[in-house]
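Okay, everyone, thanks for coming. Let me put the structure up, and then I'll walk you through a few spots.

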Amino acid sequence: MINFYIKILFLLRPIFLRLGVNFEQLVAIVEVKLKMDNRRARFNQWNKKQSESNNTLLLTLFLYFVMASAFSLLIYFSASVTAAYSLVFAVMMFMLAMTLITDFSAVILDSNDNAVLLPRPIDDRTLLIARITHILMYLLSMMLALALPFAIVSVIKYGVLAAISFLIISLLSLILIVFLTNIFYLVLMQFTSEERLRNVINTFQIILTFIFMGGYRLVGRLVNMEALMNGIDTKVQWWHFLVPPIWMGNSMNVIIKHEFDSTKFLFLFLTLTTPFMVVFLVNNVFSGVFNQKIAGMDIAKRQEKTPNKVAKKGLVETLSSIFTGTAMERGAFEFVWKITSRDRKFKLRIYPSLAYLLIYPVFMIGTGRSEGGLMQQIEHLRESTGIAIVVIYLCGTILLTIRSQISQSEDFKAAWPYELAPISKPGEILSGSLRAIMVKFLLPITVLLSIILSIIWGVNLLDDLLFGMLTITNLDLLLSIGMSNELPFSTEIKKNGGGSFIRNMAYIFLTGIIGFVHYILMQVPYVIGVFMLIQLALALYLFKKYREVGWEKVRME
């Protein structure tokens, strides 16, 4: 796979030279980065085979291809070229942007290689383009997996020229997404001190998630079924020039139908030139300060706080004394709470994903196309309690997201005190960790969700909310007791999925089944209230059993 990527770089050599990049240095840096990615996976979990990480990537690409194949029927059956391709580009750009923000932002801002690269005679432009090219290698594979089904359908319906044009515009959309995201980060670096940069970036990534998610949903709301099926193109509005998928949909319309006017010429011009303008800005304006800022992130010192003469009991200590039962649990609770607040790289991995999980149910609630205002839409939603159940269990998967990451850390080798300390029951640490996650993340989400559900469906659904959260908690406890566990921050970061894949799939599958059963049970009066009490008693019992988990159920690296 690495050789394939390197051959692509050599095919693009004239472009890199045109950008003023030292091509030999760029190839060397990218090749080493790709090899290091593979080696990180190779030594994970008792020397698992190297092919496992590649198989995970291939499985991801296959799933993207299958999903795009199903969605490509939209192009075949739609009579509106502009509407169909605008929606297709919106979905593709959204998925690539989400992958970039949630999975590769840490790569862009990675400072681990500074000690090796910065003392070398490598100019800023080459180093920045090498970082971006490293990410583009992976995103290009994902883009091709998404674009090929649409290109095949385009060949069948509109001919070879349409398919080639679609692939070229897809590549331009990828370049636009990657470099536009980098511009956001680089502008942020200009106005933020190194000491606060990483904290601000975590918040900014969540904002970017809202922007990309909102843009994807916005295009979906603008394109209605009448336009798709009957070929009725919507009238061009001024704000269409601010939405890249609409530029690209209109450009495909120009290529396929040969409809050419001043407006469509402007859309085509924006499609073909904006990605290169963004590349020019990154390469010539921002590259000079990028490496200095990344280097500054490494040496930024935290402001030392003068200790208080009298130690006061803080919020974390108060909460730990309320929600834990033993000293070991209390220590694990406070440890996990504080690390998740301070570890920037943990927040970089978790918070964008949490934002996605939170805003997706919000957009689900607003999917109705009521002709009236807000109150009419709320009345329409009240007719379907099934949406409320889906929202409850979607928000509950936040527990799965955090649990899958809480054991991972770049400093996993510092977990040796777990084995050295006289800990007879590691289950107390696991229980304290779970309680901290639930209180810090799941409890606020539950409170917020209770307010939203009460406004839309009334207080009658509060018992369903509590039942759903207790169900998710009990399911997590049952899987944790029955399967092997990992102590907090004790394993290496698994960039290609890791060993919890089976557990996560079982969790998602069982959650779906339980959600369906929940929807059936709620049709019978008082049943949910009775089962909620049973769930509460079961949760207390399972927490007690989880606290007693021994070392035979704990996996250490």
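Which helix of the protein has the lowest mean pLDDT, and which has the highest? The lowest belongs to helix α11, residues 225-230, with a mean of 57. The highest belongs to helix α24, residues 527-547, at 91. I'm starting there since what you see is a predicted model.

Let's stay with confidence for a moment. Averaged over the protein, pLDDT comes to 78, and 74% of the residues score at least 70. Two stretches to keep an eye on, though. Over residues 41-53, pLDDT stays under 50, and the model has 19 contacts beyond four places in sequence for that stretch. Over residues 300-307 pLDDT also stays under 50, with six contacts beyond four places in sequence. Where pLDDT is low, the predicted coordinates should not be read in detail.

Now the overall picture. How many helices and how many strands does the protein have? There are 24 helices and zero strands. The protein has 557 residues, and buried ones make up 50% of them. If you take the contacts with a separation of 6 or more, 83% of them are between residues 24 or more positions apart.

Okay, let's zoom in on a pair of helices. Find α18, residues 385-396, and α22, residues 462-482: these two pack at an angle of about 35°, and their axes are 10 Å apart. The crossing of α18 past α22 is right-handed. On the α18 side, the contact is made by Ile 389, Ile 392, Tyr 393 and Gly 396. On the α22 side you've got Asp 464, Leu 465, Phe 467, Gly 468, Met 469, Thr 471 and Ile 472. Sort the residues of that contact by type and you get seven nonpolar, three polar and one charged.

Leaving out residues up to four places away in sequence, Thr 511 touches Tyr 393 and Leu 475. Is Thr 511 buried or exposed? Its relative accessible area is 8%, so Thr 511 counts as buried, the cut-off being under 20%.

Ile 508 is in helix α23 as well. Ile 508 has a relative accessible area of 46%, so this residue is partly exposed. Now look across to Leu 394: Ile 508 and Leu 394 are 114 residues apart in sequence, but their C-alpha atoms are 9.7 Å apart in space.

Phe 489, in the loop between α22 and α23, has a phi near 55°, a positive value in a residue other than glycine. Tyr 526 is another one, with phi near 70°, again positive and again not a glycine. You'll find Tyr 526 in the loop between α23 and α24. What about their surroundings? Phe 489 is buried, at 7% relative accessible area, whereas Tyr 526 is exposed, at 74%.

Let's go back towards the start of the chain. Ser 72 lies in the loop between α4 and α5. Which residues does Ser 72 touch, not counting those up to four places away in sequence? Those are Pro 149, Phe 150 and Val 153. The Ser 72 side chain also reaches the backbone oxygen of Ser 69, at 2.6 Å. With a relative accessible area of 3%, Ser 72 is buried.

Last stop: two loops. Gly 20 is in the loop between α2 and α3, and Pro 121 is in the loop between α7 and α8. For Pro 121, take Gln 25: that's 96 residues apart in sequence and 9.7 Å in space, C-alpha to C-alpha. As for accessibility, Gly 20 is partly exposed at 40%, and Pro 121 is exposed at 75%.

Key: Residues numbered from 1 in each chain as written. Predicted model: local features only at pLDDT ≥ 70, side-chain atom pairs only at ≥ 80, totals over all residues. Heavy atoms only, no water. Axes fitted to C-alpha atoms, helices over the stretch in contact; angles between N-to-C directions. Helix = DSSP H or I, 4+ residues; strand = E, 2+ residues; numbered from the N terminus. Left-handed = near helix turned anticlockwise from the far one by under 90°. Contact = heavy atoms within 4.5 Å. Nonpolar A, V, L, I, M, F, W, Y, C, P; charged D, E, K, R; others polar. Buried < 20%, exposed > 50% of the residue type's maximum accessible area, 1.4 Å probe, protein only. Polar contact = N/O pair within 3.5 Å; in protein donor to acceptor, adjacent residues only side chain to side chain. pLDDT = per-residue confidence, 0-100.
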